[in-house]
Amino acid sequence: MNSGIITRVMKSADRVLELLYDRRGGFVAADELCARGAIAPGRLAKTIESLQQRGQAIEFSPAQGYRLAMPCRLDAHLVEHGLGTRRVGRNVICFDEVGSTNDVAFDSARQAGADGLVVLAESQRAGRGRLGRKWVSPPGKNVLMSVVLLDPQTAGETPAGREGRIPSPLLPHEAVTIAAGLAAAEGIEAACGLAGELKWPNDVLIDGAKVCGVLVEVHRLAKGGVCTVVGMGINANALPPAEDVDRPAVSLAERLGQAVDRIEVARAVLRRLDVWVANIAQGRIDELHDAWMARCGMVNHRVSVSYRGATHTGRVLDVSPLEGLILCRDDGTYVHLKARGATVVG
Ligand code: BTN
């Protein structure tokens, strides 16, 4: 097959997958798939087979047509389809298994057009969390994704810097860290109706249990410039093994009483991240601050914070996503713990 035919076959398969996905587990008649997918009737079975080889479970009923078992497997095309973002998710890739999606994202950052790239994986061999912790997730159940954000110098060499795309000025690491947790909470709420709370700096909790963790890493690229990778792990349909968590965890499925569609969750989170990254790029940090504060339930709660080798325990008097925490310690003294280098440990 020449490359033009391969591209056409891929496009038809993508279109058929979209049609099946948009029916949300309902049947789509073969005639409709052919007509709307621009496929000759004799080729439909082959197209369905190619989607099954991509790992999608598609059922056939002679009377009703085809249906995609939901929730379906992650698929780059489905995540991109209808995403409607400007920067985040301009390209999406999905893997069965990687070491860490953050590492794949960094490796991809060297390529042209990497700004906004989203890397998803069904499983990670060496997923990592903050503070040198592991991030373990049962395969095929959760959202494990990383987003590449390049600084202007680097992104200028990519289409992100061209006309029609938003410019991408230097993104302050702290602001991106905050935006990522907020985007995750907002996206989860948009997709599933579950209101998540933020625990400084960027854990997302539902009723006190962790549903999402965010790891933002910054690397200097060999070709010059800086690459920020936003990594997110969302417990969509499964919990991490009990031995791998140091605090209560919850999954969206557990809360909803039914499995969730990871594609919808990923898209909703990416849409919110796109909005906040654009705001940060335009210097609109106040809005980010206010939206983050509105979801933070820490004020007046007793916490322990590890900061520069010491642990401080007390009641939170004030918290700011970018400035840090003011704590009234158990001994009655006050301390201001700056955002950088502090982490809530309990
Ligand atoms: C934390 O709460 O400690 C942060 C967890 C971040 C986990 C995600 S999963 C996708 C991405 N790849 C990684 O290796 N880590 C992040």
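## Second largest pocket

The second largest pocket has a volume of about 330 Å³. Here a pocket is an open set of points, on a 1 Å grid over the protein atoms alone, where a 1.4 Å probe fits, with protein on both sides within 12 Å along at least five of seven lines; lining residues have an atom within 4 Å of a point. A volume is the space filled by probe spheres set on the points, which are joined across faces, edges and corners.

This is a predicted model, in which local features need pLDDT of at least 70, side-chain atom pairs count only at pLDDT 80 or more, and totals for chains, interfaces and linings use all residues. Residues are numbered from 1 along each chain as its sequence is written, and side-chain values use heavy atoms, without hydrogens and water.

The second largest pocket has 18 lining residues, with R130, H173, T177, P201 and A339 nearest its centre. Helix 7 (173-192) gives the most, four residues.

## Largest pocket and ligand

The largest pocket has a volume of about 470 Å³. It is lined by 34 residues; G129, R130, K134, W135 and K210 are the closest to its centre. The ligand sits in this largest pocket (more than half of its atoms lie within 2 Å of the grid points).

## Contacts of the ligand

Around the ligand are 20 residues, the closest being S100, Q124, R128, R130 and K210 (a heavy atom within 4 Å). Polar side-chain atoms of S100 lie 2.8 Å from a ligand oxygen atom and of Q124 2.9 Å from a ligand nitrogen atom.

Definitions and conventions. A polar contact is a pair of N or O atoms within 3.5 Å; within protein, one must be able to donate a hydrogen and the other to accept it, and residues adjacent in sequence count only if both atoms are side-chain atoms. Helices (H or I, at least four residues) and strands (E, at least two) are DSSP runs, numbered from the N terminus.
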